[in-house]
Amino acid sequence: MHNFFLYLTLMAYFGATGLWLAYFLAQRERYHRVGVWVMAGGLAVHTLALIQRVWSIGSLPAATFGQALLLFAWTLVAAFLLLIWRSPIKVLGALVAPLAALMVSGTLILPQPHGPVSPLLQGFWLTVHICLTMLGYAALALACLGGVLYLIQERQIKGKQFGFFYRRLPSLSQLDTLNYRCLTIGFPLLTGGIITGSLYAQHTLGRFFSWDPKEILTLIAWLIYAVLLHERLAVGWRGRRAALLAICGFLVLVCTLVGANLWLTGYHSFGKFIQGP
Amino acid sequence: MNLLLCGVNHKTAPVALREKLACLIPDVRGAYDHLKGWPEVSECLLYNTCNRVEVMCVSEAPEEAAARIREFFARHPEITPGDLEESFYIHRDQAAVQHFFRVAASLDSLVVGEPQILGQVKQAYREATENRATGPILNRLVHKAFSVAKRVRGETGIGDHAVSVSYVAVTLAKKIFGELSGKNVLLMGAGEMAELALEHLKGQGAGKITVANRTLERGVKLARRFGGEAVSLEELPEQLLSADILISSTGAGEILLTRDQVKGVMRRRKQRPLFLIDIAVPRDLEPAINDLDNVYLYNIDDLQEVVEQGWQRRRQEAGKAERLVAAETLKFLHWLETLEVYPTIIALKDKAEAICRAELKKTLGQLGPLTPEQRQALEVLTASVTQKLLHDPIIFLKRNRRPRRPHQELDLVRRLFNLDPDRGGDYHEKE
């Protein structure tokens, strides 16, 4: 029963994946419309699953890698639906839906340790830190996916070989706008996440920055995005370079999320959050 | 009853012959009067496009009708029977339906998938109906052809791929800029292809148009035609700052714009994308420009290549469309076959109704005064008895449409119910 809503969510996301892949191949508008509704339904159930967890833990579920994935998937889907509503880049669904489905599967597959959460991980400012960071991740993830689509489409147009993708992908300007929009939203969120995190660290650990691998990697990603945003606004960087940087930045972020927990050790790594029984 | 389609098209006849035949048509009324005058033809439709002159008709005597149409074509003083010998084709029934569907779906066109042909067929049909030349069969055939054409367009990608250089330029611009509204176009030099592309871009809502020409005079003339302004070629780099699309087709014979120039311009443009189309031979723009970020350079060969790809895709999609047409052809033929049984079904129903009426009259006379409800109940009773009785024979007629000897079965039903009382005895003598 604990995972009932999660299984429903997973089904919805896999369903949406199928629909968007069908849309991508057959280019029928109907698949996209149904896909949006299935995805929105999935998000609703996903929200219920999160509420259930918050209820039982008493704080935002971000103590294990699986929980963090669940949270990230939620923000990603929410951000995507918001984006689709504002500027329809429909094929993005064919990337976001499977990604969300995989992340939710990850939550279900990974061990779900029970036990009291370290008191270090409770508190209002920490919740703000996690929320801001996750929302930032979601926006920057969309920028990265948009960047991938941009690079594919740009290659088709520059290479003058119009294949399968040329017709199915949106125009370069649409994809570049996506990059810009997600960057201008994601970067402040990430910045806010970093600031609240370091303030909280100062409050609890007595220092702003601990040279923890996750912190260092996040700072590198932040610098990449800062450079990108600055160059975009000042010199007018766009297109290929912007797409490449958005992809690089997000890869570093993925390292902070996945790598820092699997290979590196530090106080940010999830394994340390749950106190043994 | 047979369907017959005769005519000539671009595959069988040279343009000179098609031109002469097309001359027969402009007087549509006269042509239809002529065709309708023949007893062999019960319905007909006449259409001509730049690539074909064809007559579709319904006839009881297809051989004679075909000969008549051939005579009609040969009426033109400059056409000898020998001209028609090789180019005149006659399609019957299935082949005729299929050919007509293919024409309407633009599968038989010179430019496969071009959208104009459907409009031309629609126009021809309008003329035919105005002249009361079509009947139930052709009406249905034509409407089916329209729906087949619509399905082909919607379900296959036959019209999706640009197959002309100027149109390729427009679709490319759309893939780069998304919306073309507000995008400024700079035209360098002039030429048919460049002007066609400009025309297309304007049709998509392109913004300011500027013409740069070696001789300002000619530039001004062109600019006036497209509602833009004229500048001299020396201002080119400056002009590139505000342009988004450049179409170049001068006869300069030398490179007018180098990579370094464009690089400088891009910096000053803040990297806003630039789409350069070089249709001049020899080229006006340095090929290395394409290496720059956010600059997309296409020369005439690149565009031709895309056109060729478009053709290949269209040919692939045409295969799908052919299957669709074949399926719809069979459906139509099936409908045509059921058409033959309708007179018999109607005769059966008429007979049953007549019997009902006569018997009701007799019974009502004997029963004396009845309430309206009772009277209605009797009517319903007789009607439903006959209906139920006739249900099976009618289903038999409608469904069993591919028997070995269709006419004998039809005759059997007519004899069984004595639908042709005058000819009752003939059947025995015939068999």
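Helices are DSSP runs of H or I with at least four residues, strands are DSSP runs of E with at least two, and both are numbered from the N terminus.

## About the model

This is a predicted model, in which local features need pLDDT of at least 70, side-chain atom pairs count only at pLDDT 80 or more, and totals for chains, interfaces and linings use all residues. Residues are numbered from 1 along each chain as its sequence is written, while chains are lettered from A and ligands numbered from 1 in the order in which they are written.

## Helix 10 of chain B

Which residues of helix 10 of chain B are buried? A residue is buried if 20 or more other C-beta atoms lie within 10 Å of its own, exposed if 12 or fewer, and partly exposed in between, with C-beta atoms placed from the backbone. In helix 10 (residues 216-226), the buried ones are Gly219(B), Leu222(B) and Ala223(B). They cover an arc of only 100 degrees around the axis, so they sit on the same side of helix 10 of chain B. The arc is taken from the directions that lead from the helix axis to the C-beta atoms.

The face turned away from that buried side carries the exposed residues Glu217(B) and Arg224(B). The buried residues of helix 10 of chain B pack against strand 6 (209-213) and strand 7 (229-232) of chain B.

Strand 5 of chain B spans residues 185-189. Five of its five residues are buried, so strand 5 is largely enclosed by the rest of the structure. Two strands pair if DSSP finds at least two bridges between them. Strand 5 and strand 6 of chain B run parallel and are joined by four bridges. Here Met188(B) has Ala212(B) in strand 6 as its bridge partner.

Strand 8 (residues 245-249) of chain B also pairs with strand 5 of chain B, in the parallel sense, over five bridges. In this pairing Val185(B) stands opposite Ile245(B). Strand 5, helix 9 (residues 192-203) and strand 6 of chain B form a right-handed β-α-β unit. Right-handed describes a path from the first strand over the helix to the second that runs clockwise, with the strands pointing away from the viewer.

Leu35(B) lies in helix 2 (residues 28-36) of chain B. Leu35(B) counts as buried because it has 22 C-beta neighbours inside 10 Å. Two residues are in contact if their C-beta atoms, placed from the backbone, lie within 7 Å. Setting aside neighbours within four places in sequence, Leu35(B) is in contact with Val41(B), Cys44(B), Leu46(B), Phe72(B) and Ala133(B). Leu35(B) and Ala133(B) are 98 residues apart in sequence, but 8.6 Å apart in space, C-alpha to C-alpha.

Chain B is divided into domain 1 (2-155), domain 2 (165-308) and domain 3 (337-430). These bounds come from an automatic or database domain assignment. The C-alpha centres of domain 2 and domain 3 of chain B are 76 Å apart.

## Chain A

Chain A has nine helices and zero strands. Of its 277 residues, 44% are buried. Domain 1 of chain A covers 1-112 and domain 2 covers 115-277. The contact between them takes 23 residues from domain 1 of chain A and 26 residues from domain 2 of chain A. Helix 3 of chain A gives the most to the domain 1 side, with nine residues. By class, that side has 18 nonpolar, five polar and no charged residues. Ala, Val, Leu, Ile, Met, Phe, Trp, Tyr, Cys and Pro count as nonpolar, Asp, Glu, Lys and Arg as charged, and the others, Gly among them, as polar.

Phe165(A) belongs to helix 6 (residues 164-168) of chain A. Phe165(A) is partly exposed, with 15 other C-beta atoms within 10 Å. Leaving aside neighbours within four places in sequence, Phe165(A) is in contact with Ile152(A), Gln153(A) and Gln156(A).

## Where the chains meet

How many residues of chain A are in contact with chain B? There are 15, and they are in contact with 16 residues of chain B. Helix 7 of chain A gives the most to this side of chain A, with three residues. The residues of this side divide into five nonpolar, five polar and five charged.
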